[in-house]
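Hello,

Here is the structure I promised to pass on to you. Have a look at it first, and then read on for my notes.

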Amino acid sequence: MYTKHLHDPEYQSLIDERFDIFEKSSLKYEVSLLANIDKSIVGIDNIQKFVSQRWNTVLEYVPSIMRSSKPEKIKSALDAWKTYKTNYNIHTDNSHKSFNHIILNFNKDKIYLAPFIYENGAVYTEDYRVHTITLDAVYSKYQEMVEWQYENAGETCKGCDYLSQCVTHLIPFFTTTTLNERDYCPLNTDLL
Ligand code: SF4
């Protein structure tokens, strides 16, 4: 989302519509707004206050590292992000270091499981795709990927205290199969 559009009434009503879907459902849910960190966030004052008053939630900023279709670009952005000593490290907050949550991307008429490294990854390759659109199929594909990681993660991950958490986020799956790195950690473990 571009924060510069947040005061546009048409944009607001589109957000309202999406909130409405959740409110009318039987789901237990938590909704937040999400904005990429880019030039559009500069100079907008009191945006959190506005979002809180208008939708009773928060605006989360994400670095847009995982939104490229090019693995080499993602890798170099992850390398850069990892060096920030006080970086934005969502893996340390309570809502994101939880276990066993499954993130899905819907792209056209297809569903994909999403890796989570600071933010949801947009990876639309066959190895992330759920072919049958049922909850059982989603869970079964997720379990298959989790088990694959325990067997195939690199040596650094296998010896790491955070393996269970990272497996939940499909991080070793992403680094190994998408980035083609056999032994790569994208997180700054000093900050976890
Ligand atoms: S990705 Fe990094 S933090 Fe996660 S298990 Fe591997 S070495 Fe540990």
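**What I found**

Helix H4 (residues 135–152) and helix H7 (residues 171–178) have axes that come within 9 Å of each other and cross at roughly 70°. Since angles from 65 to 115 degrees count as roughly perpendicular, H4 and H7 are therefore roughly perpendicular to each other. Please keep in mind that this is a predicted model.

Which residues meet where H4 and H7 touch? From H4 come Met145, Trp148, Gln149 and Asn152, and they meet Pro172, Phe173 and Thr176 of H7. Sorted by class, this contact has 4 nonpolar, 3 polar and no charged residues.

Of its 8 residues, 6 are buried, so H7 is largely enclosed by the rest of the structure. You can pick out the buried ones as Ile171, Pro172, Phe173, Phe174, Thr175 and Thr177. What covers them includes H4, H5 and H6. After H7 comes Asn180, which has a positive phi, near 55°.

Next, the ligand. Helix H5 (155–158), helix H6 (163–168) and H7 each supply at least two residues of the shell around the ligand. The residues surrounding the ligand are Thr156, Cys157, Cys160, Tyr162, Leu163, Cys166, Ile171, Pro172, Cys185, Leu187 and Thr189. Ile171 and Pro172 of this shell are also among the buried residues of H7. By class, the shell has 9 nonpolar, 2 polar and no charged residues.

Now to the strands. Strands of a sheet pair through backbone hydrogen bonds, in either a parallel or an antiparallel sense. You will find both here.

- Strand S1 (residues 33–36) and strand S2 (residues 59–62) pair in the parallel sense, over 4 bridges. Leu34 has Glu60 in S2 as its bridge partner.
- An open sheet is formed by 3 strands in the order S3-S4-S5, with antiparallel pairing. Its edge strands are strand S3 (104–107) and strand S5 (129–130), each of which pairs on one side only.
- Strand S4 (residues 110–113) and S5 run antiparallel and are joined by 2 bridges. Opposite Tyr112 stands Arg129 in S5.

Enjoy exploring, and best wishes

Conventions
Residues are numbered from 1 along each chain as its sequence is written. This is a predicted model: local features need pLDDT of at least 70, side-chain atom pairs count only at pLDDT 80 or more; totals for chains, interfaces and linings use all residues. Two strands pair if DSSP finds at least two bridges between them. Axes are lines fitted to C-alpha atoms, for helices over the stretch in contact, and angles run from 0 to 180 degrees between N-to-C directions. Angles under 35 degrees count as roughly parallel, over 145 as roughly antiparallel, 65 to 115 as roughly perpendicular and the rest as oblique. Two residues are in contact if their C-beta atoms, placed from the backbone, lie within 7 Å. Ala, Val, Leu, Ile, Met, Phe, Trp, Tyr, Cys and Pro count as nonpolar, Asp, Glu, Lys and Arg as charged, and the others, Gly among them, as polar. A residue is near a molecule or strand if its C-beta atom, placed from the backbone, lies within 6 Å of it. A residue is buried if 20 or more other C-beta atoms lie within 10 Å of its own, exposed if 12 or fewer, and partly exposed in between; C-beta atoms are placed from the backbone.
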